[in-house]
Amino acid sequence: MNMTSIEPAEKGRRAFSHVLEKLREMAISYEIKPGERLNEVALAERLGVSRTPVREALHLLARDGFLQEAGRGYVRRQLNLKEMIDLYETREVLELACLQLAFERATPQKLDALEAFLAESRSKSSDLPVTELVHLDETFHQMLAEMSGNLELQRVLHNVNERIRFIRWINMERIGRDKTQAEHAAILAALRAGDLAAAQQNLRSHISKRTEQIKESIAQGLARIYLDNEALPE
């Protein structure tokens, strides 16, 4: 095997990972402001890389919801509170429907697997990147939805999760994982106990808390953007 061909490829992967993480951090911290057009050449110069990893990273950030295509480039996605609230309301309806079916259909083995996942996630390092924390959160809810046995509910929920992931990354920076995992454990414990009403209430409370925190995150983000030297726009 030609080592000289491997080294450039590995170097390219490292450059892409670095650029993706840096641009994601800039979007989460609002260093890249909503509505801001991104210049591929300027970003490449700023980060000290070629345009290729920047182009690839921008494509993935658009897929993840941080950016939107605009002509031949991208702009930072606007913060749309109404859209996020609508999506979280949809998520709650879908997850409650999945939970109802999971209560009727989940096997002891599936519940054991979910409990094992929670135990494993608690054992992870406390300084995990926010992307990993959100992945753990999503995986719990995905496993719960899979217990429903309804592929269409899972498909629609997956679509909703794709659209809210970028704001969950922003919000996870604020809340961390301890509260989230405790709420997950309460949902599972109610399922184990055969108490559907308690499981539903725990899930409803869990998502409602996230909805309120999302409102705060967006408000704080707007304040961070606009309140340096001027008032929030009307």
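Predicted model: local features only at pLDDT ≥ 70, side-chain atom pairs only at ≥ 80, totals over all residues.

Colleague: Which residues are buried in α3?

Modeller: P53, V54, A57, L58 and L61 are buried (under 20% relative accessible area, 1.4 Å probe, protein chains only). They sit on the same side of α3 because they cover an arc of only 135° around the axis, taken from the directions from the helix axis to the C-beta atoms.

Colleague: And what comes just after α3?

Modeller: G65, with a positive phi of about 100°.

Colleague: New topic: how many bridges join β2 to β3?

Modeller: Four, and the strands, residues 67-70 and 73-76, run antiparallel. L67 stands opposite R76. Two residues separate β2 and β3 in this hairpin, and G71 in the turn has a positive phi of about 65°.

Colleague: Which residues touch the most other members of the largest nonpolar core?

Modeller: L23, L58, F66, M84, L144 and I167, out of 61 residues. Such a core is a set of buried Ala, Val, Leu, Ile, Met, Phe, Trp, Tyr and Cys residues joined through side-chain atoms within 4.5 Å.

Colleague: Is E95 buried or exposed?

Modeller: Buried, with a relative accessible area of 3%. E95 lies in helix α4, residues 81-105.

Colleague: What does E95 touch?

Modeller: H141, L157, L203 and I207, leaving out residues up to four places away in sequence; contact means heavy atoms within 4.5 Å.

Definitions and conventions:
Residues numbered from 1 in each chain as written. Heavy atoms only, no water. Buried < 20%, exposed > 50% of the residue type's maximum accessible area, 1.4 Å probe, protein only. Pairing = 2+ DSSP bridges.
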